[in-house]
Amino acid sequence: MVATFEPKTDYKVVGTRPIRHDGYDKVTGRAIYGGDMKLPGLIWGVCVRSPHAHANIKSIDTTAAEAMDGVFAVITGADMPKAPSKLVDLGEGNINFKWASNKLMADDKVLYRGHPVAAIAAVDRYTAEEAARKVTVEYEVLPSVTNVVDALKEDAPILLEDLVGDDLGEDVTNTNMAAHVRHEFGDVEGAFASAAHTIEREYNMQMVHQGYIEPQNATAMWDEEDRIKVWTSTQGAFPARTQIAGILQVDVSRVKVTPLEIGGGFGGKIPVYFEPLAAILSKKSQRPVKMVMERSAVFETTGPTPGARMIIKLGADANGKLTAATADIWFEAGANPGAFIGPAAMCVYAPYEIANTRIDGWDVLVNKPKVAPYRAPGSPQVAFAMESAIDELCENAGWDSLQFRIDNASKEGTRRGDGVLFSKIGMQEVLEAVKTSDHWNSPLGDAPAGKARGRGIANGYWFNIGLKSSANLAVNSDGTVQLTEGSTDIGGSRTAMAMHVAEVLGIGAHDVRPTVGDTESIGYTDVTGGSRTTYATGYACWLAANNLVDVLKERVAILWDINSDDVDFNDGVFSSKAEAEKTIGFKELAGKLDDLGGPANSTGSVDLESAGDGFGTHIADVEIDLATGKTDIVRYTVVQDVGTAIHPAYVEGQLQGGAVQGIGWALNEEYFMLDDGRMANSSFLDYRMPTTLDLPLIDTVMVEVPNPLHPYGVRGVGETPICPPIPAIANAIKEAIGTRLYETPMNAGSILKALK
Amino acid sequence: MTTNTPSKVHVTTTINGQQHELLVPGYMSLLDTLRELIGLTGTKEGCLDGNCGACTVSIDGRIVDSCLVLGAEVDGKEVSTIEGMATPEGLHPLQQAFLEEAALQCGICTPGFLVAAKGLLDNEPSPSEGRIRHWLAGNLCRCTGYDKIVRAVQKASS
Ligand code: FES
Ligand code: FES
């Protein structure tokens with residue numbers, strides 16, 4: 001039975017904006033991030049990487065590198081434990097250890113450019129890099145494929161010879177197609193046949209990268225007891241442990257992962273990269289080994305999000321009611337299967353109620369890095385296609401696209417494209433908030449000479465996951481509380497956790513001191529991802545705090561010599577049910593615990609279904625320079641149902657950050673691939689993410705429809721905001737220049753082409 | 001190292017007001033000199049090619065990407081890093097404003113932004129939003145969308 005909660009409004013701590021507990025360390029440079037790790041005797045590791053996107057390895061000669069002074073260990077694919085082919089769930093995506101291992105270090109074949117073929121540990125980074133240049137590798141270069149159309153051709157070069165693809169349940173071999181799934185409901189053909197208006201369009205998108213500023217890193221020590229200690233920047237210490245143990249073929253209890261501060265992840269730091277390699281180098285050298293990834297390798301070898309080809313067809317009746325939809329979705333998985341076609345199917349129609357729908361999704365291997373989750377993985381892609389098609393359908397039929405979105409909005413009971421029925425959701429409330437927002441009701445303003453303006457809107461959706469979390473509490477004698485929790489903190493979440501505890505205990509947010517635990521100091525906790533952290537770990541903190549109240553009631557019972565059932569607790573004060581004037585505050589009680597049974601501790605753990613569905617709608621005003629094709633965002637508003645905002649400043653931050661990543665994706669970011677499978681723009685200079693100069697302030701409207709599945713109504717918020725920007729901007733560009741773009745990025749070049 | 005041992009350079013420099021005498025390998029960046037030789041890891045590495053600003057420090061009052069400067073080049077110069085920004089009296093107003101405005105999420109870009117923003121406010125105490133955006137365009141933040149960073153700098157301006 002799933003517990004549900006009535007919304008409350010009289011919060012003391014929830015909804016306030018305390019300074020984050022880890023803030024002082026982070027503004028003074030004292031916080032220790034993965035790359036800052038230092039240990040006695042620490043040496044550095046680097047990888048030797050393939051210059052080719054697809055090639056057989058004929059031979060590797062490491063003797064010159066090994067002979068260099070200062071080199072302690074050299075490893076190749078031969079040193080990787082042979083992991084069996086086994087699928088493990090990581091929260092946001094699955095992992096197969098055989099492929100995961102092969103992705104980190106090539107066996108006899110390289111599958112993407114930058115694929116490691118050897119790794120070196122040496123006294124310092126410069127020496128290790130010098131030694132890496134002395135490794136000689138003989139390759140037999142193979143033809144490569146870098147897009148889904150080429151990868152599915154009859155004569156396409158095959159990446160994984162042992163791949164057995166799943167085509168609607170049928171096994172297929174000798175293929176780059178890992179999976180083909182379908183979801184079909186209602187009478188799709190019949191509905192299209194009777195539709196008054198239809199539209200069918202193809203959309204294409206290039207891969208983009210998460211773009212976290214901190215490169216991947218890892219420090220590992222494989223000691224003489226066969227215990228492996230790892231310090232790293234990860235989105236989940238426990239899922240990292242699962243992966244490291246699986247790839248190294250040791251029991252999980254042999255691996256201790258200490259999560260250091262993490263410099264951004266957005267999903268990209270769920271998979272491990274360097275951790276197992278540093279561990280093997282450590283075993284060989286008997287020293288702790290640290291590795292920090294070079295930026296070009298971050299682009300070329302770590303988690304982009306899938307490039308996509310999508311065909312959307314929509315049908316509506318004469319009254320503007322959506323009646324039918326089909327979506328054909330091909331996603332690039334990179335060099336191993338796992339392209340998020342599942343989430344894409346869950347998200348594509350989610351903002352709408354449509355009776356007759358079909359979705360076909362294909363997971364396709366290409367000679368590019370294996371994709372990793374990136375903020376609502378799969379959803380921004382299908383949002384671009386779906387929301388562009390919705391606007392075009394409205395344009396052709398002469399309908400107002402906001403009113404159309406309101407009239408067709410999904411609500412409680414609506415069936416999602418994959419068949420799931422929605423519980424209480426806020427799509428309609430969000431759209432109503434758009435309609436009454438200042439932005440929507442302000443004129444677009446006149447464009448200066450030589451420029452054109454347009455306004456666009458679009459919806460976005462993410463389902464938000466629940467999963468497992470743990471929290472421990474201990475009371476200090478001064479009336480403060482130590483909180484240990486398992487969610488690595490990427491954006492202020494430990495403060496939101498402390499606020500959950502403080503709200504229950506009736507103390508201040510700063511009376512709770514939160515710590516993110518390592519894998520030996522806290523119970524299992526899933527990734528910081530899927531917009532689950534504040535929801536699920538917050539829930540665990542709430543449980544732990546309530547359990548602590550129960551423990552403390554027993555202590556009060558000792559103090560007053562009554563039964564603990566006769567003790568009440570309200571707003572930080574314990575009282576006797578029999579004698580209401582008999583009270584003791586939390587702080588005072590904390591000081592007496594030594595004489596009342598000793599330390600008071602508690603724990604909370606959860607395994608939850610969903611963090612509540614998240615819907616948002618964005619409004620984008622663009623101004624396009626007709627001579628250069630450059631697009632400026634002149635005004636931008638994010639409207640989103642955030643459930644209850646525990647710490648509103650960090651919720652706003654999620655909305656703003658997600659929107660800006662979407663803006664970058666819409667206008668400029670892409671993996672620009674050369675014919676031979678090389679990425680031409682693998683630096684921040686050439687990849688060109690948004691800077692301060694490219695953006696206005698980002699306005700936010702937080703609609704709060706409390707999630708009945710959380711004690712305070714928390715809903716996941718972090719991922720939804722990256723979904724609407726791309727189509728909102730596409731729709732705005734259409735309004736500005738009269739031509740619609742069906743491909744990302746919608747950069748100056750493509751706009752100039754469209755203007756011709 | 002035998003044949004290719006690079007020579008080390010004798011460097012005397014002031015870092016956050018304290019004098020250091022160092023032997024810096026000729027190839028070593030100022031970023032690594034700070035992080036590896038001196039142990040000041042508050043200055044961060046994001047790209048090593050001058051395109052993220054995470055490694056921003058100031059040399060004689062001028063902000064630079066320390067990954068693009070050699071350690072040997074700061075001989076006789078004054079270097080300021082994030083570790084030198086707060087005083088025994090407390091945080092610098094920019095640091096305080098970043099905390100109050102929630103201008104950091106992961107925080108990896110924060111030291112660079114703070115050192116860069118200080119470089120602006122030291123010379124122009126009341127910059128416009130446009131000026132702030134122009135000045136900070138060399139610092140990348142992937143988490144915040146910059147809104148709260150710009151507001152924090154505005155708050156710390158007089
Ligand atoms: S590390 Fe120096 S600019 Fe990125
Ligand atoms: S706060 Fe994460 S990069 Fe700026």
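Chain B and chain A meet through 54 residues of chain B and 60 residues of chain A. The model is predicted. About 4700 Å² is buried between the two chains, and carbon and sulfur atoms give 57% of that area. Leu99(B), Gln105(B) and Arg142(B) stand out on the chain B side: these residues supply 18% of the area that chain B buries against chain A, more than any other three residues.

**Domains**

The domain assignment divides chain B into domain 1 (8-84) and domain 2 (93-156). Their contact takes 13 residues from domain 1 of chain B and 12 residues from domain 2 of chain B. For chain A the assignment gives domain 1 (23-31 + 467-604) and domain 2 (378-464 + 612-755). Here 14 residues of domain 1 of chain A touch 15 residues of domain 2 of chain A, counted as contacts.

| Parts | Buried area | Share on carbon and sulfur atoms |
|---|---|---|
| Chain B and chain A | about 4700 Å² | 57% |
| Domain 1 of chain A and domain 2 of chain A | about 1200 Å² | 66% |
| Domain 1 of chain B and domain 2 of chain B | about 930 Å² | 67% |

The C-alpha centres of the two chain A domains lie 38 Å apart. For domain 1 and domain 2 of chain B, the C-alpha centres are 21 Å apart.

**A sheet in chain A**

In chain A, 8 strands form an open sheet of mixed pairing, in the order S10-S9-S11-S21-S20-S19-S12-S33. Strand S10 (170-172) and strand S33 (743-744) are the edge strands, and each pairs on one side only.

Strand S20 (residues 322-334) pairs with strand S19 (residues 308-316) of chain A in the antiparallel sense, over 9 bridges. Within this pair, Ala325(A) in S20(A) is the bridge partner of Leu314(A). Next, S19(A) pairs with strand S12 (residues 197-205) of chain A, also antiparallel and over 9 bridges. Tyr203(A) stands opposite Met310(A) in S19(A). The step from S12(A) to S33(A) is parallel, with 2 bridges. There Met205(A) faces Thr744(A) in S33(A) as its opposite residue.

**Helix H14**

Helix H14 of chain A covers residues 493-505. Just after H14(A) comes Gly506(A), with a positive phi of about 70 degrees.

**His618(A)**

His618(A) sits in strand S30 (residues 614-625) of chain A. Is His618(A) buried or exposed? Its relative accessible area is 0%, so His618(A) counts as buried, the cut-off being under 20%. Its side chain has a polar contact with the side chain of Tyr636(A), at 2.7 Å.

Neighbours within four places in sequence are left aside in what follows. His618(A) is in contact with Gly456(A), Ile457(A) and Ala458(A), among others. Its contacts also include Tyr636(A), Thr637(A), Val638(A) and Val639(A). Further partners, among them Ala659(A), Pro721(A), Pro724(A), Pro725(A) and Ala728(A), belong to the list as well.

Technical notes:
Residues numbered from 1 in each chain as written. Chains lettered and ligands numbered in written order. Predicted model: local features only at pLDDT ≥ 70, side-chain atom pairs only at ≥ 80, totals over all residues. Heavy atoms only, no water. Helix = DSSP H or I, 4+ residues; strand = E, 2+ residues; numbered from the N terminus. Buried < 20%, exposed > 50% of the residue type's maximum accessible area, 1.4 Å probe, protein only. Polar contact = N/O pair within 3.5 Å; in protein donor to acceptor, adjacent residues only side chain to side chain. Contact = heavy atoms within 4.5 Å. Pairing = 2+ DSSP bridges. Expected span 1.5 Å × (residues − 1). Domains from an automatic or database assignment. Buried area = accessible area lost by both parts, 1.4 Å probe.
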